[in-house]
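User: I'd like to learn how to read features off a model. Could you walk me through a few?

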Amino acid sequence: MTLTDDVSPSHAGGDGPSPTPAPDESARPDARDRPRPDPDGSGGPVAALREVRQRAVDGPGARATEAQHAKGKLTARERIALLLDEDSFHEMEQLRRHRASGFGLEDRRPYTDGVVTGWGTVEDRTVFVYAHDFRIFGGALGEAHAAKIHKVMDKAIAVGAPLVSLNDGAGARIQEGVSALAGYGGIFQRNSRASGVIPQISVMLGPCAGGAAYSPSLTDFVFMVRDVSQMFITGPDVVKAVTGEEITHDGLGGADVHARVSGVAHFVHDDEESCLADVRHLLSLLPRNNREMPPAVTARDPADRRCEALLDLVPVNGNQPYDVCRVIEEIVDDGEYVEVHEHWARNVVCALARLDGAVVGIVASQPQTLAGVLDISASQKAARFVQTCDAFNVPIVTLLDVPGFLPGTDQEHGGVIRHGAKLLYAYCNATVPRVSLVMRKAYGGAYIVMDSQSIGADLTFAWPSNEIAVMGAEGAANVIFRRRLAEAADPEAEREHLVKEYRARLMHPYHAAELGLVDDVIDPADTRRVLIASLRMLVSKHADLPLRKHGNPPQ
């Protein structure tokens, strides 16, 4: 295998390190690679420095670059150029080399050691970045490689700026043994220390197997590219050896698997260019760190714009589905938003958008999928999003149309109680401004969990079509009047009468307002104006949590 050969995730096998490809001849550091005081007899040491730097930038040579491009992949430096503002990148430790020996490593000491690290800007705001260079040692992590990543992570935490990792490596460098594994431990420790302090974004642009897969899962957002990215703990070869099951790399851990099934990937794209463009856009919606507010812009969309279309978008009939994404488009600035985990747990929508130029996080029931009920996956998805918004000072708007939790043995045995409690904990623990709006149904425990006033929502509103209750009128009537219905001469007619009676007494649009459980019942067309006015009032909200080392949320 040559340096330009791909190291597929199957070589990474499972939790252990990955073999490192043999080098291309252009990567072998002979006498030409050592700085010379005067390489051409006229330029002096500055010319020598330029020559060395150029070799570091060029990497292992044209053959390796062509091989990377042939796989439909960009090089590390091409990716960084797309991510950062033009000419803003400042590289750290460009001339770093490993100091390992044995297995021929002493003769293979390319500059950068297979990872490009440094900082630059995205829309003139500082961002730190590291990018694996698959052309060098297959992007495998060794001691020097890890030390470079540790340094750039430490700098990002100290400065208080986002960190973006461009991942394209086959795992640990097996020739360096346990020191390579220890390097991963240092990365994981820093991921955890930076969690909730600076935004961390992982962009998967190649294989990521074994222990290497844990770092992205510790970050705030994960991007993947179809047909290029794979993530798994144990590769297809190990799966086959242990279980007898045959599966492809993409079938086991491809982009669509993690975007639709596992929920590991927040965003999925068809190519690297669009992926990195969306990373830039996401960064524009996030603060540099947890001590700052997200960047605001001047809104072109009038704050008092009426949303007349909402009257037609949301049917009055509570059993008729609709697409809540169209509701979000109608409310937010210019109809633009970024949906997080778009393809996973689609019965709840999580999105970042702007209202009057200020960034907000939106959690919304999606009646178009499973009638908008909460289940295990939806609870996990929304809980994680709420925690992320709270960590980075993003106000939360919750749009409710939820008939309850999904019933069934699969849900109960899968721990829906525990997972539903994650969402409850996330909301209760959030100190950012929180505004909720009941559009139609809000039943039972799901109503309480989705940021009801009783768990700390700062302001709660409802449309005239709201139904806030323990359960639907039909179910309530069956429980309360069970004996009366059993004794009725015409049970169906009696049930219809009792349902109307229950709805008139406890489920009319103003019942919750009369009890002080919502702050106001509003005209749907005024939704945008009311939400913006509420968030303006809450912008200076300050809330202190009890003194503690940390909470112990349900797992």
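Analyst: First, the term helix: helices (H or I, at least four residues) and strands (E, at least two) are DSSP runs, numbered from the N terminus. Here, α3 is followed by G72, whose phi is positive, near 80°. Some ground rules: this is a predicted model, where local features need pLDDT of at least 70, side-chain atom pairs count only at pLDDT 80 or more, and totals for chains, interfaces and linings use all residues. Residues are numbered from 1 along each chain as its sequence is written, and side-chain values use heavy atoms, with hydrogens and water left out.

User: Which residues of helix α3 are buried?

Analyst: Buried means under 20% relative accessible area, exposed over 50%, and partly exposed in between (1.4 Å probe, protein chains only). In α3, which covers residues 62–70, the buried ones are A64, T65, A67 and Q68. Seen down the helix axis they fall within an arc of 160°, so they line one face of α3; the arc is that of the directions from the helix axis to the C-beta atoms. The general idea is that an α-helix has 3.6 residues a turn, so residues three or four places apart point the same way.

User: What do the buried residues of α3 pack against, and which exposed residues sit on the face turned away?

Analyst: They pack against α4 (76–83), with contact meaning heavy atoms within 4.5 Å. The face turned away from the buried side carries the exposed residues A62, R63, E66 and A70.

User: Where else is phi positive, in residues other than glycine?

Analyst: Two cases to look at. D334 has phi near 55° and lies in the loop between α13 (324–331) and β10 (337–340). A371 has a phi of about 60°, and its place is the loop between β12 (358–365) and α14 (376–391). D334 counts as partly exposed because its relative accessibility is 37%; A371 is partly exposed too, at 42%.

User: Is H419 buried or exposed?

Analyst: H419 counts as buried, because its relative accessibility is 7%. You'll find H419 in helix α16 (residues 416–429). Leaving aside neighbours within four places in sequence, H419 is in contact with I376, S379, Q380, G414 and Q555.

User: Which helix holds I480?

Analyst: I480 is in helix α18, residues 473–480.
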